[in-house]
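Please open the structure in a viewer and keep the selection panel at hand.

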Amino acid sequence: MLGYWLAVVRRLALPALATGAVCAAAVAAALVLGDGTSWSAAAAPQAVAAGGVGALALVAVLSTSTVLSAARTARRYGLTLGPDAVALPSVREVRMPAIEGRTAFQLTDSVRHVVEKDPVLRLDEITAFGHGTLDFTLRGPSDTSVSVQVRVTTGPQETAAVVEARPAATYKRLDAAACWAVARVVEQRVAQALRAETADGGAAR
């Protein structure tokens, strides 16, 4: 939890500095232009103090709400919250020995069936489906819309799937934990689908 909070604070550093600069400029303008206060005597220290308070307030409010929301998300999915939950897009990988007798399209189709039937993932829409390509939108925690991409590749030695999850709306970038949780669950379902294909391929032989 602490690692996640520190990661959130680092992400908020630049927005906080920008907010602090705006607050400082507004206070300085009000003091110098409105009250005729001397810049060097009083306006500068007060402006700096106001900027610092504004920046700290932004970090405190947003980091607290983000961490609390992320903690609820982690509990809902039975996951342990860590600093990796802040990264966007959230990327997960599934790798296993090559699945003989299955094309990338067949494997992707198996993943699609698993996603469509899964009650936890709450599928909204499949936006792309093809040879090794599956794109869809899910309703994540707190009804956050999460865009997910699954790319399946096959080779003589290995079958791999890469899952990427990101907020469907750019203003939801602070809700990275929802994407992280969805990516983790989709990763599990992809692995489940590929293992089932491995078993079917073995049975067919």
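Is Phe-105 buried, partly exposed or exposed? At 37% relative accessibility, Phe-105 counts as partly exposed; buried means under 20% relative accessible area, exposed over 50% and partly exposed in between, with a 1.4 Å probe and protein chains only.

Before moving on, please note that this is a predicted model, in which local features need pLDDT of at least 70 and side-chain atom pairs count only at pLDDT 80 or more, while totals for chains, interfaces and linings use all residues. Residues are numbered from 1 along each chain as its sequence is written, and side-chain values use heavy atoms, with hydrogens and water left out.

**Stop one: an aromatic pair.** Rings of Phe, Tyr and Trp (its six-membered ring) pair if their centres lie within 6.5 Å; planes under 30 degrees apart count as stacked, over 60 as edge-to-face and the rest as tilted. By this rule the count comes to one aromatic pair. The ring centres of Phe-105 and Phe-129 are 5.2 Å apart and the planes lie at 45 degrees, so the pair is tilted. Phe-105 belongs to helix 3 and Phe-129 to strand 2, 24 residues apart. Helices (H or I, at least four residues) and strands (E, at least two) are DSSP runs, numbered from the N terminus.

Select helix 3, whose buried residues include Leu-107, Val-111 and Val-115. Next, select Asp-118, in the loop between helix 3 and strand 2. Asp-118 is buried, with a relative accessible area of 12%.

**Stop three: strand 3 and its partners.** Select strand 3, where five of the seven residues are buried, so the strand is largely enclosed by the rest of the structure. Two strands pair if DSSP finds at least two bridges between them. Strand 3 pairs with strand 2 in the antiparallel sense over six bridges, and with strand 4, also antiparallel, over seven bridges. Between strand 2 and strand 3, which form a hairpin, lie two residues; Gly-132 in the turn has a positive phi of about 80 degrees.

**Stop four: the core.** Finally, select Phe-136, Val-148 and Val-186, which are among the residues touching the most other members of the largest nonpolar core, a set of 41 residues. Such a core consists of buried Ala, Val, Leu, Ile, Met, Phe, Trp, Tyr and Cys residues joined through side-chain atoms within 4.5 Å. Helix 4 gives the most to this core, with 13 residues.
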